[in-house]
Amino acid sequence: MTTSLPSTMAAIEVAGLYVAYQRQTVLEDIHLTFPAGKWTAIVGPNGAGKSTLFHVLTGSMKPLQGSVKAFDEPIAKHRRAGRIAYMAQREAIEWDFPVSVWDTVMGGRYGHMRSDALWRRLLPARWHHARHSEAVHEALVAVNMLDLADRPIGALSGGQKKRVLLARALAQQASILLLDEPLAGVDPPSEKLILSVLRREREAGKTVIMVTHDMPGARRYVDHVVLINRFVRGTGTPEEMLSEAKLAELAVSSIEQTVNDRQIMPVASNSSGQG
Ligand SMILES: Nc1ncnc2c1ncn2[C@@H]1O[C@H](COP(=O)(O)OP(=O)(O)OP(=O)(O)O)[C@@H](O)[C@H]1O
């Protein structure tokens with residue numbers, strides 16, 4: 001099991017981050033602190049750069065500039081130690097591949113298996129260290145999917161697939177959970193279950209950071225909110241950041257961004273000055 005860390009420290013600290021795809025900058029001058037042991041929601045319109053921020057945190061994308069630390073150390077060290085679990089928005093999983101729910105969730109343990117003795121790693125899966133099976137079992141119980149452990153992943157509903165992906169992240173037993181839209185496309189019972197799992201993780205001292213468009217869920221459950229749209233547009237409590245006024249400001253920033261990006265010239269009411 002992971003040990004929880006003092007809640008006063010920053011789990012992740014981002015400073016002066018700039019990120020671009022080809023020549024288009026999508027994140028600029030990002031300075032953020034994600035408090036340890038808290039549940040943070042990242043909120044922003046489509047195309048705001050939320051997933052891109054996660055790509056940088058998970059090391060799959062290099063920033064143009066800036067630094068990212070976890071627990072005051074280079075984040076790569078924590079990634080290598082398996083302390084950062086990630087649930088992507090669109091998983092690069094071949095859902096038709098004949099693999100079971102159990103084996104998919106076991107994928108969350110591969111990072112930890114690297115530290116097992118070589119002889120053990122060379123044996124068939126059933127001889128892997130018992131702690132890996134225990135972690136998978138625990139994760140499947142948490143998302144209420146143990147009954148379907150042997151089912152091929154191709155035979156799952158959309159909500160069940162999301163729960164399996166969450167279980168895979170939980171099985172990693174990481175201190176930091178990065179979840180990109182864990183609630184998208186799930187029915188109300190699955191949403192309730194996922195939110196209660198995340199609340200338990202936070203209560204166990206984990207740092208939960210999720211991208212979400214679910215405002216009622218975020219208002220009700222999270223401790224901290226980051227508003228983002230290419231720049232950081234605000235950070236604070238859900239009451240402050242998710243007020244109607246603040247969300248309207250964020251929506252306006254999105255329209256302004258689109259206008260700037262397309263370099264649409266404002267229509268002058270009397271451009272010739274001759275009436
Ligand atoms: N592989 C890519 N190549 C080029 N541009 C990309 C690529 N991936 C994302 N982008 C662009 O980067 C910007 C930020 O995308 P990103 O996926 O981070 O936004 P997001 O906030 O996660 O959006 P959504 O809420 O729709 O998932 C968008 O303008 C998007 O079109």
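Author: **The sheet that starts with β1 and β2**

Strand β1 (residues 10–21) pairs with strand β2 (residues 24–35) in the antiparallel sense, over 8 bridges. Keep in mind that this is a predicted model. In the hairpin of β1 and β2, 2 residues lie between the strands. Gln-22 takes a positive phi near 45° there. Follow Ile-12 next. Its bridge partner in β2 is Phe-34. Ile-12 also stands opposite Ala-70 in β4.

**A second sheet**

Another open sheet has 6 strands. Their order is β6-β7-β8-β3-β9-β10, and the pairing is mixed. Here the edge strands are β6 (84–87) and β10 (231–236), each pairing on one side only. On average, neighbouring strands of this sheet are turned by 15° against each other, direction ignored.

Within this sheet, β3 (residues 39–43) and β9 (residues 224–229) run parallel and are joined by 4 bridges. Ile-42 stands opposite Val-226 in β9. Helix α1 (residues 50–57) packs on this sheet, touching β3, β6, β7 (176–180), β8 (207–211) and β9. The direction of α1 makes about 145° with that of β7.

**The ligand**

Helix α1 returns here. It gives the most to the shell around the ligand, with 3 residues. The residues around the ligand are Tyr-21, Val-26, Gly-44, Asn-46, Gly-47, Ala-48, Gly-49, Lys-50, Ser-51, Thr-52 and Gln-89. By class, the shell has 3 nonpolar, 7 polar and 1 charged residues.

**The two domains**

The chain is divided into domain 1 (1–83 + 174–260) and domain 2 (92–173). Their centres, taken over C-alpha atoms, are separated by 25 Å. In the contact between them, 14 residues of domain 1 meet 13 residues of domain 2. On the domain 1 side, β7 and α8 (188–203) each supply at least two residues. The largest share of that side, 4 residues, comes from α8. The side of domain 1 that touches domain 2 has 9 nonpolar, 4 polar and 1 charged residues.

**Confidence**

The protein chain averages a pLDDT of 87, and 86% of the residues score at least 70. Residues 268–275 have a pLDDT below 50. Beyond near neighbours in sequence, this stretch has 1 contact in the model. Where pLDDT is low, predicted coordinates should not be read in detail. For the complex, the predictor gives an ipTM of 0.97 and a pTM of 0.87.

Conventions: Residues numbered from 1 in each chain as written. Predicted model: local features only at pLDDT ≥ 70, side-chain atom pairs only at ≥ 80, totals over all residues. pLDDT = per-residue confidence, 0-100. Contact = placed C-beta atoms within 7 Å. Pairing = 2+ DSSP bridges. Axes fitted to C-alpha atoms, helices over the stretch in contact; angles between N-to-C directions. Near = placed C-beta within 6 Å. Nonpolar A, V, L, I, M, F, W, Y, C, P; charged D, E, K, R; others polar. Domains from an automatic or database assignment.
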